[in-house]
Every structure is written in structure tokens, then in C-alpha cells.
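Have your viewer open and your selection tool ready. We will take a short walk, one stop at a time.

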Amino acid sequence: MKNILVIGATGQIGSELTMKLRGLYGPDNVVCGYIPGAEPKGVLLESGPAEIVDITNPQQIADTVNKYGIDTIYNLAALLSAVAEARPQLAWKIGVGGLYNTLEVAREKGCAVFTPSSIGSFGPSTPHVKTPQDTIQRPETIYGVTKVTGEMLSDYYARRFGVDTRSVRFPGLISYTTLPGGGTTDYAVDIYYSAVKGETFKCPLKPGTFMDMMYMPDALRAAIEIMEADPTKLHHRNSFNIASMSFDPEIIYNKIREYMPDFKMEYELDPLRQAIADSWPDSLDDTCARQEWGWKPEFDLDSMTQDMLANLKIKLNKEVSEPVHA
Ligand code: AKB
């Protein structure tokens, strides 16, 4: 990777990934691709080049690839699962049409492409515990349908045209920098904000709803390490299960209460998010990623919680009490 274009660079993953890539490969070598209405701000804007790249506009992708001599594209444009159910046509246009546009430019210009898949690529008929790498993928959300289509289309372009496509299936991602917006796993970010703001958290999912989650630093490392992996070792490409922790609302709530004993949570269920979460795996088996490119997470629920609370305390300028069990 020398010259990188991040499409969707101002979103939850993109805003942090772009900065990390700039740190690794040089600020001038990583282009922040954004759409009007989601302009980069602050350090993201000031630290390197930025271009309007709407993934539904193939010419904008091609022009930016030509202008900067791009060899690697991180395609992070997507509508998350819950919001996609409200706008299924747009979810398809961005998730599948946008990926097709990106792959076509990559085929013509010889770029490698990273496109994340998700735990949302699985459905109710998938084995839910320790979901295997290769298993049934019959999702019932439009988000999941776009993700499975994306996995297959990316593998097709690798096989048929030799495009270097690679991907991981992200769990719910938790970070204190940019809010997710529109996902089923968002509660696991919102709960930390409520705790630090001193608010009672209204949990949209019922107790016992287990899903895989991951702290953003591990997710960013996964996205970079898969693109740096030795291709001769990759038997799978699109897409690898990755995992670091699985919990339900009670477990994360009780973990936060170890550090903030007065924190309160109530249940206020969101039927759409509950139905989506129920159709997704409880936990993924990431053995293939560990074997083929050395994937290993660094954060667990406890270390993530300490880091989230400390950083949100700075961000939101609030006091967090010392851990009661330390
Ligand atoms: C969502 O909840 O839609 C995403 C995901 C798990 O892909 N965070």
C-alpha cells in the first residue's frame, strides 16, 4: 500500500482509519473521500488530501484514483443495518452498486480493495454460537443481503479478474471518536455515553441478546493487517470472521457499574433492532483469520471499558470514579 483512497472516510470507521493510515503511510498518501454533507473537519481535514468521492458516481472514483495514483481503496461506504431497513433501495445502491463501481475502477487501474462485511451477513438459519467461517449465510435484512452479495462479488473479481480484494466480517464496533448511527449494535456505544453523562441508559435490546463486539483499535488493526497479509497464505478472502468479545446488555451494564456503581439502565425495546439482533450470531469462530494472517485481538470487555470511560470523560469533560474492584 502506497497511495490509499478511503471512501466513506468521515464515518465511524473511516474517520479513525484514515488518521491511522496517514500515520503509517504518510499523510499525503491517504486521500479522505467524503460526500457533500459529511465533510471532513479538524485534523482529518487538515492532515492530508480530501476529495468528494460519492461511491454511486464511478467517474468520481476513477478521477480520484487517477489524480493520486491510488493503488489501494478502503471502501467504507454503507448504510448500517437498522437505517438500511428504512431505505432498502439506497442501501442496495450504496452497498452493491457502489461496490461494483469500486471494483470496476480497481480492475481497470490495478487497485487492491478492502470492503468490510459484517456479522449481519449471517441470518436465523446460521449456527449462532461460534459461527464457523464457512457456513449458511441467508440474512433477512437488506444490510445482510448487500454484505453477502459484496462478499461474493469481491471473490468473483479476485477469481475472474485478479483484483486483490480482501475483507473481514466486523462485529459491532465501539469507539469514543465518531458515533456509529443507524446500526443494531449502536447500543454498546451509547451505553458508555449515558454512563459518563450521568444519564439512565434506555436499552433497546432485551437481556440475553448476545452479539460479537470489538473495540475500534482492534478493528482498525484488522483492516490494515488483512491488507498487508501475505497473499499466498490467504485461502479465504471475502470475508474473514474476526472476534474479540461477545456480551449481552446485562454484561456490559454490570461491567460499567464496576467503575460507575451509580449508573442505571432501563429496558425500552426497539422491535426492529431486537428482530435484527435475534437473527445474528451470538459469537463468531475466528480460527481461519488467526491461522491465515495471524489475527489476534488486544482488547477485552474490561480493558475496553476502562479506555472508553477514561476517554469519554476527557471528551465530555466529566468525572468518572475510580474502579471499585481495582
Ligand atoms: C450494525 O449494527 O449495523 C453494524 C454491524 C454489526 O455491521 N454495527
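Which side chains meet in a salt bridge at 2.7 Å, N to O? Select Glu51 and Lys67: their side chains form that salt bridge (a side-chain nitrogen of Lys or Arg within 4 Å of a carboxyl oxygen of Asp or Glu). Glu51 sits in strand 3 (residues 50–52) and Lys67 in helix 3 (residues 58–68), so the pair ties together parts 16 residues apart in sequence. Helices (H or I, at least four residues) and strands (E, at least two) are DSSP runs numbered from the N terminus.

A word on what you are viewing: this is a predicted model, where local features need pLDDT of at least 70 and side-chain atom pairs count only at pLDDT 80 or more, while totals for chains, interfaces and linings use all residues. Residues are numbered from 1 along each chain as its sequence is written, and side-chain values use heavy atoms, leaving out hydrogens and water.

Now show the surface. Glu51 is buried at 18% relative accessible area, whereas Lys67 is exposed at 57% (buried is under 20%, exposed over 50%, partly exposed in between, with a 1.4 Å probe and protein chains only).

Beyond its neighbours within four places in sequence, Ile191 contacts Phe201, Ile252, Tyr253, Ile256, Phe263 and Met265 (heavy atoms within 4.5 Å).

Finish at Asp270 and Arg273, whose side chains form a salt bridge at 2.9 Å, N to O.
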